[in-house]
Amino acid sequence: MTQGNVPEDLATIAHRLADEGYVLITGLLGEAELALARASHAADGRAAKELARTKLRTLSSCLHTMSGGHDPGAAEGRLRLAVVLSVAVARSGSPHPDGLHAPVAERGGKEPAAIRFGTVATPGSALLFDTRRVYVEGVGAVDGPVCLTVGPQRYGEGVAGPDADRASALAERIVGVFHEVLGEEGAGSGASFFELGGTSLEALRVVSLLREREHVRLELSDFFAQGSPAELAAIALSRCCEDEAGPGSSLRSRARRRARRYFPLSLSQEGLYAMDHGVKGAGFFNSVWWMRFQGAVDLVAVEGAVNDAVLRQPTLRTVIESHGGRPAQRVLPQPVPIGRADLRDRGGRGLRRIMAGEAARGFDLERQAPARFQLVRLADDTTALVGTVHHVAFDGVSCDLLIDEIAHAYAVRLGASDSRPELRRHYADFAEWQRDTLRGDRLAEHLDGLRAALSRPSPRIAPAPERKYGFLGHVEEFEVPEATAQRLAAAAARQGTSLFVLLVAAMTRLGTRLSGEPRQTVSVQAANRSWPGSEHIVGCFSNVLPVVGNGHEEVVPTAHAGVVEALRHEEMPFDAALSLLGDEGFDLRAGLPPLGFALQTSPGRRIELPGCAVTTGQFTETGDTVDPTPFPLVLELWEDEGLRGVVRSLRDAWPDDSYQRALGQLHGALADASLCGGR
């Protein structure tokens, strides 16, 4: 919160901070007091002081109510709340190191440590700053006078020093997280994450770990724009690391969940729901994956683990109903049913046929939860769990999360692990935050950026005219040669960028090879998980972003710049943006990207559980299929001891042998990208 933003409801703020385990930061209230008092403090310091004391009495009453009428500090065990009450005193005149402060009530009856001018205190202390610009822990740079109490130490434990010292200390801890994620020794604070061989997917893990441990908010785009620990620390310290959800949204959502009331759809869900209606519930948007348990498998525990995971992730048991004339989501109280099949008499054959059937069978989203599961016995010691989830509740990251949730819940049921705490946020909270946030200047900025990316017609890469593309698709497996994959990884590290950027550069090169035009726009898949807490939530977060590059010259630098610019708009769902731009009369069709690209984590994993081992995978049906997307050519790759994946194409866009020639050009573009020295 910055000065000038006055909280309208002190109880809402206090309850929310208490609910999320924070020490109550009364300095936020102090800032509000100053904002109200500034107009009067020069003329009447007594009036400002009385206003501050009135606020203190209001807060005390609020805390008294929260603690059930007892001393606020006595409620710490129940509310996880440590209370320090302080008063901001606005006054005129020359600054004095001791300043003026009202009596301070602290839990346990202890007095706070001596207040020194211009210092940053340890958690639980009170600070009084006079009329100078100072940096305040957890708030940022503010103009005094301000008095606050400090919550959990934001950037590590112990007493924080000056800004430069804190930045250096945070940078060292970021180096440690780099080492943990990459396994790289000797990384200094000046080494770029991508120079150390990191990928964009690993950068997302760094973002998650730093958010959990240091309470700093970094975004994937920061790694592309800067990337070294020192630079990332500077960004984190300059960015006010506050909860991005509105003060009341978490409380509103919890109340609705308790009452099983309706939530709005996220913008991505709204688009997918409309498309699902358009294809009459066909299985175009299904994701099918499997977990193969081998060994002494407890099937009852497997079924229970699935139920535990579904109960923990409410979006998997949500139906979409009409509420107030608009589609809205409602969380069902019970887990989804689990089917059973037995293929032991067939020697385990037929599993792929079952998964193909699951992929083709749609969901009735108004009446059915968007997830279903089936336990398939393959042998006496082998069982496959097949999961099918609609994209309205799922994305690529969600697949990894759900598999991990089920595996952990299985271990808990067998007594080999401890239960995880309840999630503080759910996908419905994100949907409300998105609706509240993407408006006004923030929405206009995203629309301006996307309008600029799509303002010029995209060159035609396929021989057939676009009106003849149709929806008959073709999917075939694709593998980057091992030597090329190794050179790509080395080239990315050498140039201080990510493998993702280098592959985007290869796609722009492909576009230029196929069309002869240097300017290319590539549609890329982005995780879109910068919202705090999203790293633990199953849901439809992923987004499509248009990246503008040049496939003729400066291929890698322009791809890098294009990715950085595109990630600035990661939170704006592409389909929703297109709809809004279309309503403005903006001609979209000519500027839509003809090429698509996605880089994902490997679907294949091995997990050791009590008494058995689990291998995982994702089902992808190859051959002819129906494809409702408009892209003539899409490359999807997984990092799986190399680079492998699939190529998706619209068959009518590539007559005769033009498709095979395009595949040859794709291999050539990848080879070019692996050999280029930053050009």
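This is a predicted model: local features need pLDDT of at least 70, side-chain atom pairs count only at pLDDT 80 or more; totals for chains, interfaces and linings use all residues.
User: Which residues of α18 are buried?

Analyst: Val555, Val556, Ala559, His560, Gly562, Val563, Val564, Ala566 and Leu567 are buried.

User: What covers them?

Analyst: The cover includes helix α7 (220-225), helix α17 (499-515) and strand β16 (543-550).

User: OK, α17. Which core does α17 give the most to, and how many residues does the helix put in?

Analyst: That would be the largest nonpolar core, which has 77 residues. α17 gives the most to this core, with ten residues.

User: Which residues have the most contacts inside that core?

Analyst: Phe223, Phe224, Leu488, Leu503, Phe597 and Leu666.

User: Take Phe223. What is Phe223 in contact with, leaving aside neighbours within four places in sequence?

Analyst: Phe178, Phe193, Phe194, Ala203, Val206, Val207 and Leu232. There is also another core apart from the largest one, with 49 residues, among them Phe285, Ala301, Ala409 and Phe430.

User: Switching topic: where is confidence highest, and where is it lowest?

Analyst: The highest mean pLDDT is 97, in strand β13 (residues 382-390), and the lowest is 27, in helix α4 (residues 76-79). For the protein the mean is 75, with 71% of residues at 70 or more.

User: Which stretches have pLDDT below 50?

Analyst: Residues 1-45 are one such stretch, with 104 contacts in the model beyond near neighbours in sequence. Residues 240-251 also stay under 50, and there the model has 34 contacts beyond four places in sequence.

User: Back to β13. Is the strand mostly covered or mostly open?

Analyst: Mostly covered: nine of its nine residues are buried.

User: Which residues sit on which side?

Analyst: Thr382, Ala384, Val386, Thr388 and His390 are on one side, with Thr383, Leu385, Gly387 and Val389 on the other, and both faces are covered. In a regular strand the side chains alternate between the two faces of the sheet.

User: What does β13 pair with?

Analyst: On the one hand, strand β8 (residues 286-295), antiparallel over nine bridges, with Ser287 having Val389 of β13 as its bridge partner. On the other hand, strand β12 (residues 371-379), antiparallel over eight bridges, where Phe373 is partnered with Gly387 of β13. β12 and β13 form a hairpin with two residues between them.

User: What's the strand order in the sheet?

Analyst: β11-β12-β13-β8-β19-β18, an open sheet of six strands with mixed pairing. The edge strands are β11 (338-342) and β18 (606-609), each pairing on one side only. Neighbouring strands are turned by 20° against each other on average, direction ignored.

User: How many bridges join β8 to β19, and what stands opposite Trp289?

Analyst: Seven bridges join β8 to β19 (residues 612-618), and the two run antiparallel. Gln618 in β19 stands opposite Trp289.

User: Which helix packs on the sheet?

Analyst: Helix α11 (residues 299-312), which touches β8, β11, β12 and β13. The direction of α11 makes about 165° with that of β12.

Conventions. Residues are numbered from 1 along each chain as its sequence is written. Side-chain values use heavy atoms; hydrogens and water are left out. Buried means under 20% relative accessible area, exposed over 50%, partly exposed in between (1.4 Å probe, protein chains only). Helices (H or I, at least four residues) and strands (E, at least two) are DSSP runs, numbered from the N terminus. Contact means heavy atoms within 4.5 Å. pLDDT is the predictor's confidence in each residue, from 0 to 100. A nonpolar core is a set of buried Ala, Val, Leu, Ile, Met, Phe, Trp, Tyr and Cys residues joined through side-chain atoms within 4.5 Å. Two strands pair if DSSP finds at least two bridges between them. Axes are lines fitted to C-alpha atoms, for helices over the stretch in contact, and angles run from 0 to 180 degrees between N-to-C directions.
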